Amino acid sequence: MTTDTTFWRRPWIAPLLFLTVAFLAFSLPPYLTLDPAQSRLPVREGAPLHYPALVLHIFFGSVALLASCFQVWPWFRGRYPAIHRRVGRLYVFAGVLPASLLAIPVSVYGHTGFVGATGNLMLSFLWLTTTVAGFRMARQRRFQEHRRWMIRSFALGMSIVVNRLWGVLLAFLVVPLLATTPAETEALSGQAFAASVWLSWVVNAVIAEWWIERTRKRSRTPRQAVPVS
């Protein structure tokens with residue numbers, strides 16, 4: 001009974017899964033063709049490693065995104081702890097670890113400019129370090145600290161989804177208010193894309209820290225005893 005109650009008290013998991021699957025259904029298919037001409041992101045000419053690194057980064061990142069949705073689901077963790085551990089290893093070793101390392105050449109060869117590339121590199125570094133810290137905490141059976149680090153890892157990983165929302169917001173709402181000529185629109189659009197890189201993971205990281213602190217305070221608050229009739 002307790003497990004079922006916990007299941008229904010997490011209404012956010014269904015929208016999270018839907019958003020993740022919808023994002024992957026839109027983003028992934030062009031790269032399944034292994035055709036650089038189908039890439040949704042510009043591929044740098046004269047850099048033969050850029051497209052293979054981009055495809056592998058997207059594949060491993062997709063594994064991480066799907067796995068993380070189940071890992072943050074309390075009902076799933078409580079009901080299937082053994083599967084939770086296996087999916088956790090999949091998240092780390094077939095998701096975050098290769099995806100974050102492949103993000104280095106993808107960022108360097110990308111077309112986001114210095115500001116955008118720096119933001120992506122910072123994101124990759126933090127995503128990897130928070131994930132490794134969370135994995136180490138689990139190995140040491142320090143599960144409260146493991147949970148906090150993995151919340152940070154999840155928030156940073158989901159920034160790729162939020163990045164598209166920030167990009168649309170800036171490109172269609174902010175840029176038209178500031179640009180007065182086609183040249184300004186083009187220049188501001190590039191700056192908006194670079195800004196969306198930073199906004200996506202910085203805002204997610206702030207929200208993650210707020211959530212961690214909120215749940216930490218709530219766990220310290222003593223619950224009132226229910227009177228026995």
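Predicted model: local features only at pLDDT ≥ 70, side-chain atom pairs only at ≥ 80, totals over all residues.
**Asking why: helices, rings and loops**

Me: Thanks! At what angle do H4 and H6 pack?

Reply: Helix H4 (residues 50-71) and H6 pack at about 150°, with axes 7 Å apart. Axes are lines fitted to C-alpha atoms, for helices over the stretch in contact, and angles run from 0 to 180 degrees between N-to-C directions. The contact of H4 with H6 has 19 nonpolar residues, eight polar and no charged. Here Ala, Val, Leu, Ile, Met, Phe, Trp, Tyr, Cys and Pro count as nonpolar, Asp, Glu, Lys and Arg as charged, and the others, Gly among them, as polar.

Me: How many helices and strands are there?

Reply: The protein has ten helices and zero strands. Both are DSSP runs numbered from the N terminus: helices are H or I with at least four residues, strands E with at least two.

Me: What makes two rings an aromatic pair?

Reply: Rings of Phe, Tyr and Trp (its six-membered ring) pair if their centres lie within 6.5 Å; planes under 30 degrees apart count as stacked, over 60 as edge-to-face and the rest as tilted. This rule gives nine aromatic pairs. Phenylalanine 70 and tryptophan 73 have ring centres 6.3 Å apart and planes at 40°, so their pair is tilted.

Me: Why is tryptophan 73 called buried?

Reply: Buried means under 20% relative accessible area, exposed over 50%, and partly exposed in between (1.4 Å probe, protein chains only). Tryptophan 73 has 9%, so the residue counts as buried. Phenylalanine 70 has 32%, so this one counts as partly exposed.

Me: Why is the pair of phenylalanine 93 and phenylalanine 135 called edge-to-face?

Reply: The angle between the planes is 85°, and the centres are 5.3 Å apart, so the pair passes the edge-to-face limit. Phenylalanine 93 is in helix H6 (residues 81-109) and phenylalanine 135 in helix H7 (residues 113-139), 42 residues apart.

Me: How do you know that arginine 40 sits over the ring of phenylalanine 26?

Reply: For a charge to sit over a ring, NZ of Lys or CZ of Arg must be within 6 Å of the ring centre and within 35 degrees of the ring normal. The charged end of arginine 40 is 4.0 Å from the ring centre of phenylalanine 26. Likewise, arginine 152 lies over the face of tryptophan 149, at 4.6 Å from the ring centre.

Me: What makes the phi of leucine 34 worth a look?

Reply: Most residues other than glycine have a negative phi. Leucine 34 has a positive phi of about 60° although it is not a glycine. Leucine 34 is in the loop between helix H3 (29-32) and H4, and with 54% relative accessible area this leucine is exposed. Arginine 141 also has a positive phi, near 60°.

Technical notes
Residues numbered from 1 in each chain as written. Heavy atoms only, no water.
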